[in-house]
Amino acid sequence: MPFFVYLLGLAVFAMGTSEFMLSGLVPGVAQDLGVTIPEAGRLTSAFAVGMIVGAPLMAILSLRWPRRRALLAFLAVFLLVHVLGAVTTSFDVLLLTRVVGALANAGFLAVALSAATGLVAPDAKGRATAVLLGGVTAACVVGVPAGALLGQVWGWRSAFWAVALVSAPAFAAILRSVPASPAVVSREGGARPELGALRDRRLLVTLLLGALVNGATFCAYTYLAPIVTDVAGMGTAWVPAVLALFGLGSFAGVTVAGRVADVRPARLLVLGGAALLAGWVVFALTAGSPVATVVLVLVQGTLAFAVGSTLISQVLYAASGAPTLGGAFATAAFNVGAALGPWLGGLAIGAGYGFRSPLWVSALLVALALAVLVRRQDGMNSQAADSPGS
């Protein structure tokens with residue numbers, strides 16, 4: 001794997017820390033800025049909305065930029081808005097910084113996915129995707145728990161300062177190591193031919209599956225802190241440890257997907273999806289047990305990222321006719337889920353169903369994904385049976 005891909009993974013680590021860290025900071029943000037926990041949960045949804053809008057928009061805007069210029073510009077904006085988020089006393093300003101930071105994150109990730117998968121063999125997109133997502137899982141293992149610990153010791157603002165500080169060496173590494181050649185993401189024809197790839201039914205179904213599975217992941221993950229403290233009855237000191245367990249699971253899941261997604265994606269999606277659904281149901285039923293919570297956080301982190309990263313690689317395969325915007329399609333779809341999940345979880349909590357309810361919402365979203373997947377498989381089998389010579 002080219003070293004350039006690992007440098008991109010370093011920047012994705014900083015961005016992944018920012019995207020996920022609010023799961024351990026929501027209570028502190030809510031208390032400090034005078035909002036409710038579901039309202040503070042909107043910060044995660046706001047980031048996801050920025051990713052949804054930003055992925056295709058930023059990818060299109062940077063079509064004729066050199067890769068290094070695009071990556072550095074997006075990372076610089078990301079760093080600066082985290083400084084602003086760390087010093088603001090307004091929830092609305094903090095919400096705005098999350099949207100702008102997400103736009104920068106989306107642009108960076110879209111270009112990075114396109115660049116990374118374009119540098120490897122045609123049948124190695126899953127492995128390249130796994131390296132980039134390794135930055136996200138490293139964020140879950142190290143960055144997010146560290147952010148939660150910082151939030152407990154020095155307040156939630158310290159976590160925002162930490163993300164800005166981690167982004168600085170990533171910026172320097174890309175500036176030093178990425179070639180300054182005029183290579184552009186797309187040389188001819190603009191974005192219109194690639195947007196035409198959205199007519200492909202396989203691509204659209206895969207995007208829908210990704211949105212549903214990621215929605216389930218973010219729904220539960222955003223409210224893990226109150227689940228740990230209020231439902232399982234564990235102390236706040238356990239929150240960073242539980243977040244780290246989820247991160248370890250996500251690293252294991254991405255590792256498995258990196259080895260399997262290029263050769264047996266259908267089997268991983270069906271079996272992994274069924275296990276993921278069962279896990280959310282069992283978690284919802286047993287969330288009052290500290291032991292069950294600890295075990296299932298690890299298991300669900302593994303399953304969620306194994307299935308989720310496989311779907312990302314399948315989007316990139318299905319979008320082979322859109323090499324520039326393929327990464328943008330994947331980023332946008334998965335953040336539709338990241339916006340929808342916390343919002344639905346917040347609705348369930350606000351309706352009085354308690355902090356256990358996001359786990360049931362996660363189970364419902366995965367059940368819908370499995371229904372779509374089964375219907376797609378049935379449709380493919382029917383087409384094969386109706387084809388001449390069958």
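Rings of Phe, Tyr and Trp, the last represented by its six-membered ring, are taken as a pair if their centres lie within 6.5 Å. By this criterion, the predicted model holds four aromatic pairs. In one of these, the rings of F246 and F305 have their centres 6.1 Å apart and their planes at 75°, and the pair is therefore classed as edge-to-face, for which the angle must be over 60 degrees. The pair links distant parts of the chain, with F246 in helix α11 and F305 in helix α13, 59 residues apart. Together with Y221, the residues F246 and F305 form one aromatic cluster.

A further aromatic pair is formed by W280 and F283, which are stacked, with 6.4 Å from centre to centre and 10° between the planes. In contrast to the link between α11 and α13 made by F246 and F305, W280 and F283 both lie in helix α12 (residues 265-286), where they are three residues apart, or about one turn of the helix. W280 is buried, as is F283.

The helices that carry F246 and F305 also pack against each other. The axes of helix α11 (residues 238-260) and helix α13 (residues 290-318) come within 7 Å and cross at roughly 35°, and the crossing is right-handed. On the α11 side, the residues in contact are W238, V242, L245, F246, L248, G249, S250, A252, G253, V254 and A257, and these meet V294, V297, L298, Q300, G301, T302, F305, A306, S309 and T310 in α13. By class, this contact comprises 13 nonpolar and eight polar residues, whereas charged residues are absent from it.

Q300 lies in helix α13 and, with a relative accessibility of 0%, counts as buried. When residues up to four places away in sequence are not counted, Q300 touches F246, A275, L276, G279 and W280. Its contacts thus include F246, a member of the edge-to-face pair, and W280, a member of the stacked pair.

Elsewhere in the chain, G9 has its place in helix α1 (residues 3-20) and counts as buried at 8% relative accessibility. G9 and G134 are separated by 125 residues in sequence, yet their C-alpha atoms are 6.7 Å apart in space. Leaving aside residues up to four places away in sequence, G9 touches L132 and G135.

At the level of the whole protein, there are 15 helices and zero strands, and 57% of the 390 residues count as buried. Of the contacts between residues at least 6 apart in sequence, 84% join residues at least 24 apart.

The mean pLDDT of the protein is 80, and 81% of its residues reach 70 or more. Over residues 182-188 the pLDDT is below 50, although this stretch has 21 contacts in the model beyond near neighbours in sequence. Over residues 380-390 the pLDDT likewise stays under 50, and for this stretch the model has two contacts beyond four places in sequence. Where pLDDT is low, the predicted coordinates should not be read in detail.

Conventions
Residues numbered from 1 in each chain as written. Predicted model: local features only at pLDDT ≥ 70, side-chain atom pairs only at ≥ 80, totals over all residues. Heavy atoms only, no water. Axes fitted to C-alpha atoms, helices over the stretch in contact; angles between N-to-C directions. Helix = DSSP H or I, 4+ residues; strand = E, 2+ residues; numbered from the N terminus. Left-handed = near helix turned anticlockwise from the far one by under 90°. Contact = heavy atoms within 4.5 Å. Nonpolar A, V, L, I, M, F, W, Y, C, P; charged D, E, K, R; others polar. Phe/Tyr/Trp six-rings, centres within 6.5 Å; stacked < 30°, edge-to-face > 60°. Buried < 20%, exposed > 50% of the residue type's maximum accessible area, 1.4 Å probe, protein only. pLDDT = per-residue confidence, 0-100.
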